[in-house]
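Visitor: I am new to this structure. Could you walk me through how to read it?

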Amino acid sequence: MNDIELYQNILGVTPPWVVTSVRLDLKGKTVTISVDHDAAQAPRCPVCGASASIYDHHIRRWRHLDTCQMTTIIECDVPRVSCKDHKVKQLAVPWAENNSHFTALFEALAITWLKETSITGVADILRLSWDEVAGIQERAVKRGLKRREAKPLVNIGIDETSYQKRHEYVTVVNDKDTGCIIDVLDDRKAATLAEWLKNWPQEHIESIKTVSMDMWDPFIKAVTDELPNGKEVICFDRFHVSQHLGKALDKVRSQEHRTLLSNSGESVLTGTKYKWLKNANRTDNRSRREFMQITRMALKTARAWAIKETASQLWNFSYRGAAQKAWQHLLGWISRCRLEPMKKVGRMIKNYLWGILNAILLRASNAVAEANNARIQWIKKMACGFRNRARFRMAILFHLGGLDLMPKMPEICELPI
Ligand SMILES: [Zn+2]
C-alpha cells in the first residue's frame with residue numbers, strides 16, 4: 001500500500017472523492033493530503049440529489065488528526081454545483097460537517113479533551129487558538145440541542161446560580177428525572193422564565209408534575225402565570241427551607257456571640273459556627289456529645305438551633321392535614337421565640353407553606369439542582385470565569401446538558417486486513 005492508498009483508507013475517502021497526493025513538509029511538521037472530486041463522476045445536487053452541473057470550485061482546508069505528531073491538513077478544491085431547483089450549492093464532503101475548518105474526527109478529539117479540561121488547556125494540547133476551541137464547543141452544543149428530542153417536561157427544578165463573583169445570576173432549569181440541565185436563562189426575572197416556558201408546546205408543559213424551587217417570587221410568578229395548575233405543582237424544597245433557617249440561626253449566633261464577648265470578655269460560642277450549621281448526625285460521637293452540652297445551655301442560639309432541627313424533621317407526611325398541623329405548630333413556636341431573624345423566616349414559611357406542603361406530599365426535592373450547582377462551580381473554577389452569559393450557558397450545557405455532542409462520523413477505517 002502506498003501513501004495515497006493509506007490515507008485514502010484512513011480518511012475513509014470513497015468515490016467520487018479520491019486522494020490525489022500526500023505532501024510532507026518536515027520543516028513545518030505538516031502533512032497535506034490533497035483530495036479531489038472525480039471529474040468522471042456526474043455530480044449531484046446536495047439538496048435534492050438530482051444530477052447537476054459543476055459551477056465552479058473553491059479551495060478548502062481542514063485540520064485533521066495528527067499523523068505521527070505532525071499537523072495534518074486535508075485540502076480539496078470542492079466543486080459547487082448548479083441545480084435547476086436549488087441554484088448554486090457546495091458539495092458536502094464526507095470527512096467534515098459544513099462550515100467547519102476541522103474534520104469530524106478532529107472535532108471529536110477536541111470534544112473529548114474539552115470534557116476533561118478548559119478551553120485554554122485544549123487550545124494548548126491541540127495547538128489551536130482559544131476562539132477555535134470555543135467554536136468547536138459551541139458547535140457541539142448546538143448540534144446536541146438540535147438532536148435533543150422534544151419531549152414533555154415532568155419533574156423540573158429551577159434554581160439560580162451566580163454567573164460572576166459579583167451578584168449577577170442566571171436561572172438554571174434542571175430535569176430532575178435525568179439529572180441533566182435543560183437550559184440556562186440570562187437572569188432570574190419572572191419575564192425571562194415565563195418567556196422560556198412559553199416556547200414549549202402547550203402539551204409539553206401541561207405534563208409538568210413538580211417544579212422545585214426556592215421561595216423566590218419571580219419564579220413563582222412565571223410558573224403560576226404560565227401553568228394552569230402552577231400552585232399545585234410548585235414545591236419549595238427542604239434544602240432551601242433549611243438554608244433560610246440556617247442563615248437566620250447564624251445571625252442569632254453571631255449577635256449573641258458579640259453580646260457575650262462585650263459583657264464578660266468570653267463566649268461559649270467561640271469557634272462553634274459550623275457546629276450549629278452541620279447536621280448533628282454527620283459528626284463523630286465525641287464532638288456530638290460536646291456539642292449537645294452546648295445545646296442544653298440557656299442560649300438564644302440553642303433555641304434557634306432547636307427550631308431548625310425540628311423543621312428538618314417535618315418532611316415525612318402522607319396527609320396534607322397532618323403536615324399542615326405540624327408546620328403550624330412549629331410556626332406558632334417560631335412566632336413566640338423572640339429571636340427576630342428566626343421570626344422573619346417564620347413569616348416567610350407561613351406565606352409559602354402551601355408550596356412546602358406540596359413538596360412534602362409530592363416527595364419533591366431539588367437535590368438534582370443542588371448537585372448540578374456544585375458541578376457548575378467546578379466548571380466556573382476550571383474556566384477561570386466567563387466572558388459573557390452566552391459562553392457560560394454553552395459551557396454548562398456542554399458538560400451537564402446530557403447532549404449528544406459528537407459530529408457525524410465518516411464511515412472510516414475499513415482497512416484491508
Ligand atoms: Zn437540487
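## Reading the fold, feature by feature

Guide: Let us start with contacts. Histidine 399 touches Leu114, Lys115, Gln137, Trp378, Ile379 and Met382, leaving out residues up to four places away in sequence. Keep in mind that this is a predicted model.

Visitor: Where is histidine 399 found?

Guide: Histidine 399 sits in helix 17, which covers residues 389-400.

Visitor: Is histidine 399 buried or exposed?

Guide: Look at its relative accessible area. The value is 17%, so histidine 399 is buried; the cut-off for buried is under 20%.

Visitor: What separates histidine 399 from arginine 44?

Guide: The two are 355 residues apart along the chain, and their C-alpha atoms are separated by 39 Å.

Visitor: Now the interior. How should I think about a nonpolar core?

Guide: In soluble globular proteins, nonpolar side chains tend to be buried together. Here the largest nonpolar core has 61 residues. Leu193, Trp196, Val223, Trp327, Met342, Ile349 and Ile356 touch the most other members.

Visitor: Which helix gives the most to this core?

Guide: Helix 13, residues 320-335, gives the most, with six residues.

Visitor: What is isoleucine 349 in contact with?

Guide: Set aside its neighbours within four places in sequence. Isoleucine 349 then contacts Val241, Leu245, Trp327, Leu331 and Ile356. There is also a second, separate core of 32 residues, which includes Leu128, Val133, Val141 and Phe392.

Visitor: How do I read charged pairs?

Guide: Side chains of opposite charge can pair when their charged atoms come close. The count here comes to 19 salt bridges. For one of them, find glutamate 107 and arginine 139, where the closest N and O atoms are 3.0 Å apart.

Visitor: Which parts does the pair of glutamate 107 and arginine 139 tie together?

Guide: Glutamate 107 lies in helix 2, and arginine 139 lies in helix 4, residues 130-147. So the pair ties together parts that are 32 residues apart in sequence.

Visitor: Is glutamate 107 buried or exposed?

Guide: Glutamate 107 counts as buried, at 1% relative accessibility. Arginine 139 is partly exposed, with a relative accessible area of 24%. Glutamate 107 and arginine 139 also belong to a network of salt bridges that links them with Glu97 and Arg143.

Visitor: Can you show me a pair within one helix?

Guide: First the general idea. An α-helix has 3.6 residues a turn, so residues three or four places apart point the same way. Now the case. Lysine 142 and glutamate 138 meet in a salt bridge, 2.9 Å from N to O. They are four residues apart in helix 4, so about one helical turn separates them. Lysine 142 is partly exposed at 48%, and glutamate 138 is partly exposed at 29%.

Visitor: What about aspartate 66 and arginine 63?

Guide: Their side chains also meet in a salt bridge, 3.4 Å from N to O. Aspartate 66 counts as partly exposed, at 32% relative accessibility. Arginine 63 is buried, with a relative accessible area of 9%.

Visitor: One last stop. Where is isoleucine 294 found?

Guide: Isoleucine 294 is in helix 11, residues 285-295. At 15% relative accessibility, isoleucine 294 counts as buried. Beyond residues up to four places away in sequence, isoleucine 294 touches Thr272, Trp276, Leu299 and Ala302. Take tryptophan 276 from that list. Isoleucine 294 and tryptophan 276 are 18 residues apart along the chain, with their C-alpha atoms separated by 9.9 Å.

Terms used. Residues are numbered from 1 along each chain as its sequence is written. This is a predicted model: local features need pLDDT of at least 70, side-chain atom pairs count only at pLDDT 80 or more; totals for chains, interfaces and linings use all residues. Side-chain values use heavy atoms; hydrogens and water are left out. Helices (H or I, at least four residues) and strands (E, at least two) are DSSP runs, numbered from the N terminus. Buried means under 20% relative accessible area, exposed over 50%, partly exposed in between (1.4 Å probe, protein chains only). Contact means heavy atoms within 4.5 Å. A nonpolar core is a set of buried Ala, Val, Leu, Ile, Met, Phe, Trp, Tyr and Cys residues joined through side-chain atoms within 4.5 Å. A salt bridge is a side-chain nitrogen of Lys or Arg within 4 Å of a carboxyl oxygen of Asp or Glu.
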